[in-house]
Amino acid sequence: MTAQTDTTGPVTTVFKVSGMSCGHCEGAVSGEISQLSGVSSVTAVAKTGEVTVVSAAPLDDEAVRTAVDEAGFELAGFELAGRA
C-alpha cells in the first residue's frame, strides 16, 4: 500500500511491472497509467521494468494495477520514491 500523507506537492512512486520488453510495451503501460486522475508524468523503462509515476496525490493501488493489466502486463510491486 502507498502511504497516505497530509503534505502537499507531487508524489513520485516507482512501480515494478513485469513483462515489458520494448518501447511499445513502455508506451502501452505509460498510456494506461497516464489516464488515471491526478497523474502528471509517467516514465516506463522496459530494461529495468520500472515505471515512475508523478501524481498530485498518492494513487489508488488497485487503479494502477487495473491500468497495468489493461496494458497487458502485471504490476509486480512499488515503492514511494518521495516528493518530486
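## A guided tour of the chain

The structure holds one salt bridge, a term that denotes a side-chain nitrogen of Lys or Arg within 4 Å of a carboxyl oxygen of Asp or Glu. This is a predicted model, in which local features need pLDDT of at least 70 and side-chain atom pairs count only at pLDDT 80 or more, while totals for chains, interfaces and linings use all residues. Residues are numbered from 1 along each chain as its sequence is written, and side-chain values use heavy atoms, with hydrogens and water left out.

**Stop 1: the salt bridge.** Select arginine 65 and glutamate 62, whose closest N and O atoms are 3.5 Å apart. Both residues belong to helix α2 (residues 61-70) and are separated by three residues, about one turn of the helix. Arginine 65 has a relative accessibility of 32% and so counts as partly exposed; glutamate 62, at 48%, is also partly exposed. The scale in use calls a residue buried under 20% relative accessible area, exposed over 50%, and partly exposed in between (1.4 Å probe, protein chains only).

**Stop 2: the whole chain.** Colour by secondary structure to show two helices and four strands, in the order β-α-β-β-α-β from the N terminus. Helices (H or I, at least four residues) and strands (E, at least two) are DSSP runs, numbered from the N terminus. Of the 84 residues in the chain, 36% are buried. Among contacts (heavy atoms within 4.5 Å) with a separation of 6 or more, 70% link residues 24 or more positions apart.

**Stop 3: strand β3.** Select residues 50-55, which form strand β3; strand β1 (residues 11-18) runs antiparallel to β3 and is joined to it by six bridges. Two strands pair if DSSP finds at least two bridges between them. Within this pairing, threonine 13 stands opposite valine 53. Next select strand β2 (residues 39-45), which is also antiparallel to β3, over six bridges; here serine 41 has valine 54 as its bridge partner. Then move to the turn of the β2-β3 hairpin, where four residues lie between the strands and glycine 49 has a positive phi of about 80 degrees.

**Stop 4: confidence.** Colour by pLDDT, the predictor's confidence in each residue, from 0 to 100. The mean for the chain is 87, and 82% of its residues reach 70 or more.
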